[in-house]
Structure formats: structure tokens, C-alpha cells
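Q: I'm new to this one. Can you walk me through it?
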Amino acid sequence: MPNRILRDGILSSEAVALLSWPAEVFYRRLMSAVDDFGRFDARPSILRSRLYPLRLSQVREADISRWIAECEKA
């Protein structure tokens with residue numbers, strides 16, 4: 001997996017500021033998984049297992065779907 005560097009602009013992003021705390025964490029984890037063009041498998045079951053491998057008992061697929069929708073809206 002390639003290394004990712006998030007620019008400090010994320011800290012002052014108005015769109016990111018609109019996200020709830022869990023959705024922002026999801027977004028930041030997603031940025032660690034996508035390829036150089038922002039592509040990745042968007043199935044909630046895959047996202048859940050890849051982004052939260054040590055928290056599968058705490059994160060549901062419904063959470064993933066809700067956070068995706070929140071990110072799209074922001």
C-alpha cells in the first residue's frame with residue numbers, strides 16, 4: 001500500500017468541518033486506503049473490513065453507509 005500524506009488544508013476545510021466526528025474519522029481512514037486517483041471498492045462490507053479491521057465489533061455496515069452519505073453531502 002502506498003504512503004499517503006494529507007495536507008494541512010484538511011484542518012481548515014469547511015467541507016470536512018461539516019462532518020460529524022465519526023464521519024471525519026471515516027474520511028481520513030478512507031484517504032489511507034484509496035489509490036492515487038481516489039479509487040477504492042465502495043461496498044460497505046469491504047470498507048468496514050479494510051478501514052476498521054480491529055473494530056469490526058464496533059462499526060456496522062450501516063455506519064459505513066451513513067458516513068458515505070454524509071461525506072457526499074458535505
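Q: Which residues do ring pairs link into a cluster?
A: Ring pairs join F26, Y52 and W67 into a cluster. Rings of Phe, Tyr and Trp (its six-membered ring) pair if their centres lie within 6.5 Å. The model is predicted, with local features needing pLDDT of at least 70 and side-chain atom pairs pLDDT 80 or more, while totals for chains, interfaces and linings use all residues. Residues are numbered from 1 along each chain as its sequence is written, and side-chain values use heavy atoms, without hydrogens and water.

Q: How many aromatic pairs are found in the whole structure?
A: The search finds 2 aromatic pairs. In one of them, the ring centres of F26 and W67 are 6.1 Å apart and the planes are at 40 degrees, so the pair is tilted. Planes under 30 degrees apart count as stacked, over 60 as edge-to-face and the rest as tilted.

Q: Where in the chain are F26 and W67?
A: F26 is in helix 2 and W67 in helix 4, 41 residues apart. Helices are DSSP runs (H or I, at least four residues), numbered from the N terminus.

Q: And what about Y52 and W67?
A: Y52 and W67 form a tilted pair, 5.9 Å centre to centre with 45 degrees between the planes. Y52 sits in the loop between helix 3 (44–51) and helix 4.

Q: Is Y52 buried or exposed?
A: Y52 is buried, with a relative accessible area of 4%. W67 is buried too, at 8%. Buried means under 20% relative accessible area (1.4 Å probe, protein chains only).

How values were computed: Helices (H or I, at least four residues) and strands (E, at least two) are DSSP runs, numbered from the N terminus. Buried means under 20% relative accessible area, exposed over 50%, partly exposed in between (1.4 Å probe, protein chains only).
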